[in-house]
Amino acid sequence: TNRPNYDADGDGLGNLEEYNLGTDPWKIDSDGDGLDDRLETRALLSDPLRSNDWAVAFEIVRNGCDATGVTGTWTNRDTSLVALDSRGSARIEADLPRAGIYRVAIVAGAGQLWSRTNEIPVRVCLDGRFLFRRTFVTFGNSPGTLQFMSPFLSAGVHRLDIEWRDAGDTFEPALHQVRWQILAGTDGDGNGLEDWMDTWMAAVN
């Protein structure tokens, strides 16, 4: 690469390092397991090219119908929240029992099956802070999952805002669940945080 230190995807790894690792310089999470490449290589010491099924210490699950605020036109179907407009947003809140870094999984799909593959740009904010824009992909009736690691969060209520953009006239995005997960790990120093969290925070600070 002509710019070895340039970080094209914003995951904290330069292009040359991504090339040496074999990871995708245009994807924060090359293997799509919800653990970004830098977290896997610097803290978890896992393979960023192979999806890792990390044990979950605990999780909090909120259904789409639990949304505390919406824009646009939505309807509840069973426990899901289905958008009837080509754009809109939903707010999901969770009262987290402990501080830490959470893996957040947004599970969504198509309210009605219009095509084999559905792609929709989403914008995600946490506690009023913009996190990212990504394209959510679902296949047929099967829901898709968009996962990401949160910044360090204090215990208490946190707000996740998910905005759908340009869904088109023939696709109804359905928000099924948001899962807030703490990944399991040892706490060698007894500070109440898993060791991988300590390593990760030391690496990013």
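# Core, ring pairs and a pocket

Reader: Which residues have the most contacts inside the largest nonpolar core?

Author: They are Ile 106, Leu 160, Leu 175, Val 178 and Trp 180, and the core has 39 residues. Keep in mind that this is a predicted model.

Reader: What is Ile 106 in contact with, leaving aside its neighbours within four places in sequence?

Author: Its partners include Val 124, Phe 136, Leu 146, Phe 148, Leu 160, Ile 162, Leu 175 and Val 178. Gly 144, Thr 145 and Gln 177 are also in contact with Ile 106.

Reader: OK, step back. How many helices and strands are there?

Author: The protein has three helices and eleven strands. From the N terminus on, the order is α-α-β-β-β-β-β-β-β-β-β-β-β-α.

Reader: And what share of the residues count as buried?

Author: Of the 205 residues, 42% count as buried. On contacts, take those with a separation of 6 or more: residues 24 or more positions apart account for 63% of them.

Reader: Back to rings. How many aromatic pairs does a search of the whole structure find?

Author: Two aromatic pairs. One of them is Phe 58 with Tyr 102: the ring centres are 6.3 Å apart and the planes are at 80°, so this pair is edge-to-face.

Reader: Where do those two residues lie?

Author: Phe 58 is in strand E1 (residues 56-63) and Tyr 102 is in strand E6 (residues 100-110). They are 44 residues apart in sequence, so the pair ties together separate parts of the chain.

Reader: What about the pair of Phe 132 and Phe 148?

Author: That aromatic pair is edge-to-face as well, with 5.0 Å centre to centre and 70° between the planes. It links distant parts of the chain, since Phe 132 is in strand E8 (residues 129-139) and Phe 148 is in strand E9 (residues 144-153), 16 residues apart.

Reader: Are Phe 132 and Phe 148 buried or exposed?

Author: Phe 132 counts as buried at 8% relative accessibility, and Phe 148 is buried with a relative accessible area of 4%.

Reader: What sits over the ring of Phe 132?

Author: The charged end of Arg 134 does, 4.1 Å from the ring centre.

Reader: New topic. What volume does the second largest pocket have?

Author: About 390 Å³. It is lined by 16 residues, and the closest to its centre are Asp 29, Gly 32, Arg 134, Thr 135 and Leu 146.

Reader: Which elements give two or more residues to that lining?

Author: E8 and E9. E8 gives the most, with five residues.

Reader: Now a helix. How many residues of H2 are buried?

Author: Six of the eight residues of helix H2 (residues 37-44) are buried, so the rest of the structure largely encloses this helix. The buried ones are Asp 37, Arg 38, Leu 39, Glu 40, Ala 43 and Leu 44.

Reader: What follows H2?

Author: Leu 45, and its phi is positive, near 55°.

Reader: Where is Asp 78, and what is its phi?

Author: Asp 78 is in the loop between strand E3 (74-77) and strand E4 (80-83). Its phi is positive, about 55°, although it is not a glycine. At 79% relative accessibility, Asp 78 counts as exposed.

Reader: And where is Asp 127?

Author: In the loop between strand E7 (117-126) and E8. Phi of Asp 127 is also positive, near 55°, and the residue is partly exposed, with a relative accessible area of 29%.

Reader: Last one. Which strand holds Gln 181, and what is it in contact with?

Author: Gln 181 is in strand E11 (residues 173-183) and is buried, with a relative accessible area of 8%. Leaving aside its neighbours within four places in sequence, Gln 181 is in contact with Val 56, Phe 58, Glu 59, Ile 101, Tyr 102 and Arg 103.

Reader: How far is its C-alpha atom from that of Ala 57?

Author: The two C-alpha atoms are separated by 7.4 Å, while Gln 181 and Ala 57 are 124 residues apart along the chain.

Definitions and conventions:
Residues are numbered from 1 along each chain as its sequence is written. This is a predicted model: local features need pLDDT of at least 70, side-chain atom pairs count only at pLDDT 80 or more; totals for chains, interfaces and linings use all residues. Side-chain values use heavy atoms; hydrogens and water are left out. A nonpolar core is a set of buried Ala, Val, Leu, Ile, Met, Phe, Trp, Tyr and Cys residues joined through side-chain atoms within 4.5 Å. Buried means under 20% relative accessible area, exposed over 50%, partly exposed in between (1.4 Å probe, protein chains only). Contact means heavy atoms within 4.5 Å. Rings of Phe, Tyr and Trp (its six-membered ring) pair if their centres lie within 6.5 Å; planes under 30 degrees apart count as stacked, over 60 as edge-to-face and the rest as tilted. Helices (H or I, at least four residues) and strands (E, at least two) are DSSP runs, numbered from the N terminus. A charge sits over a ring if NZ of Lys or CZ of Arg is within 6 Å of the ring centre and within 35 degrees of the ring normal. On a 1 Å grid over the protein atoms alone, a cavity is a set of points where a 1.4 Å probe fits but cannot get out, and a pocket is an open set with protein on both sides within 12 Å along at least five of seven lines; lining residues have an atom within 4 Å of a point. Grid points are joined across faces, edges and corners, and a volume is the space filled by probe spheres set on the points.
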